[in-house]
Amino acid sequence: MQFARLQEQVAWAWERVPFYRERFAAVGLEPGDIKTREDVRHIPFTEKSALREHYPYGLFAVPLSQIVRLHASSGTTGKPIVVGYTKEDIEEWRYCIMSMMQMAGVVPGDRVQMAFGYGMFTGGFGLHYGAEGLGCTMIPAGAGNTERHIMMIEDYGTTALIATPSYALHICEVGERIGYDWEKSSLRVGLFGGEPCPPKLKAEIESRMHIICTDNYGLTEVMGPGVSGECLSSRNHQHIVEDHFYWEVIDPDTLEVLPEDSECEGELVLTPLAKKGIPILRYRTRDLTSVTCAPCACGRTTARMEKVRHRTDDMLIIRGTNVYPSQVEDVLSTIPGASPHYRLVVDNETGLDRLTLMLEVQPQVFTDSFAEMEGFRRLVADKLRGVLQLGVEVRLVEPGSSERFMGKAKRVEDRRG
Ligand code: DLL
């Protein structure tokens with residue numbers, strides 16, 4: 001079924017979008033040439049730049065009169081990318097979200113509170129309609145106003161919270177500060193996505209909020225949330241909604257497709273299989289993951305992707321050394337007293353690249369003893385040097401003093417221009 005859908009999708013894109021016809025012609029390919037899974041490798045990749053260059057509607061496969069919704073995603077630079085959904089696309093999207101939510105143990109009757117913004121971001125409306133489709137009571141609170149969120153959880157008996165993990169942690173902290181008892185709260189499950197959720201952060205939110213946190217993944221270009229989600233058995237992997245997405249993992253340097261059973265880390269390439277408004281063939285996500293087809297204890301037979309911890313484009317090159325923010329997170333997760341709130345600043349004011357870590361310390365290690373704070377600072381710097389093979393300037397900041405984010409957290413600031 002997956003392959004038949006893929007063939008239909010290729011034909012749909014080729015017939016209706018000049019961009020794909022030109023790309024196919026350039027490599028001497030026609031949709032009829034895609035007869036086996038091996039043949040898929042001949043289809044040229046699509047990159048984000050294609051969506052930018054054809055901004056806003058150039059890759060749409062149907063007239064605008066058949067598009068019932070637009071969403072957009074803004075990167076750090078340039079124009080946003082715009083995607084359009086037909087009525088059928090919205091239905092299929094809802095199905096994907098329903099699958100993802102069911103995997104996370106959400107059932108009809110759950111009261112689901114939305115902490116994503118309702119706007120061009122796919123997170124808000126996408127997940128909203130999926131939860132309604134499943135028969136949940138949707139509470140469209142939206143982003144921001146953290147104390148109001150907590151009041152609504154208490155008053156409305158919310159059982160599931162949709163948020164980025166960093167905002168969920170903030171809701172948790174604010175609740176603790178105002179004396180809210182998370183253990184007695186009705187909240188049972190967190191549906192987190194939109195950004196990486198490192199294992200330590202997940203464990204911390206689970207123990208402090210007394211909930212089960214599940215991670216779900218997606219991206220605007222191929223639909224939005226609903227590409228994959230965590231079940232309750234496989235806590236580091238997310239089941240891909242395979243009837244809607246054809247996945248490949250490639251080596252980001254050679255662009256070779258890695259063997260399906262290799263379980264090696266590489267860049268995820270996705271082809272959505274039922275997208276009429278804006279079909280996308282072999283989209284290079286830039287997200288690094290590995291995929292396993294091994295059976296899952298939950299009984300589902302779909303392939304599972306490992307949690308996405310980093311992207312090919314968030315790698316920093318500092319004095320020739322490659323550094324991923326996720327490596328810093330991993331080091332911090334081994335140091336008691338280091339909070340998950342941090343910021344990395346890169347500059348080269350002196351002519352030499354410098355990496356500075358601004359780390360918020362947890363209240364239990366925060367003291368006015370200079371010697372103790374300096375000892376802690378050195379410990380962090382030494383551990384980082386050991387793992388990154390690079391000197392990092394560490395600055396400690398007081399508990400609660402670093403910026404909190406309502407949406408996706410911004411942890412890296414590269415001032416090198
Ligand atoms: O973030 C879609 C989404 C919304 C997914 C809400 C889940 C929940 P974009 O704004 O286009 O779309 O950003 C997509 O965010 O390529 C990943 O790098 C990252 N990302 C999204 N979900 C996860 C996740 C939405 N669960 C980009 N873990 C993707 C790690 C994630 N990274």
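Which element gives the most to the shell around the ligand? I looked this up and found strand E7, with five residues.

**Ground rules.** I am working with a predicted model, where local features need pLDDT of at least 70, side-chain atom pairs count only at pLDDT 80 or more, and totals for chains, interfaces and linings use all residues. Residues are numbered from 1 along each chain as its sequence is written, and side-chain values use heavy atoms, with hydrogens and water left out.

**The ligand.** I found 21 residues around the ligand (a heavy atom within 4 Å), and Asp-215, Asn-216, Thr-220, Asp-287 and Lys-408 are the closest. Next I checked polar contacts, here pairs of N or O atoms within 3.5 Å. Asp-215 has a polar side-chain atom 2.9 Å from a ligand nitrogen, and a polar backbone atom of Asn-216 lies 2.7 Å from a nitrogen of the ligand. For Thr-220, I noted 2.5 Å between an N or O atom in its side chain and a ligand oxygen.

**The sheet.** I traced an open, antiparallel sheet of four strands, in the order E10-E11-E12-E15. Strands are DSSP runs of at least two residues, numbered from the N terminus, and two of them pair if DSSP finds at least two bridges between them. Strands E10 (245-250) and E15 (310-311) stand at the edges with a single partner strand each, so one side of each has no neighbour in the sheet.

**One more residue.** I looked up Ile-162 and its contacts (heavy atoms within 4.5 Å). Beyond its neighbours within four places in sequence, Ile-162 touches residues including Met-101, Phe-116 and Leu-191.

Definitions and conventions
A polar contact is a pair of N or O atoms within 3.5 Å; within protein, one must be able to donate a hydrogen and the other to accept it, and residues adjacent in sequence count only if both atoms are side-chain atoms.
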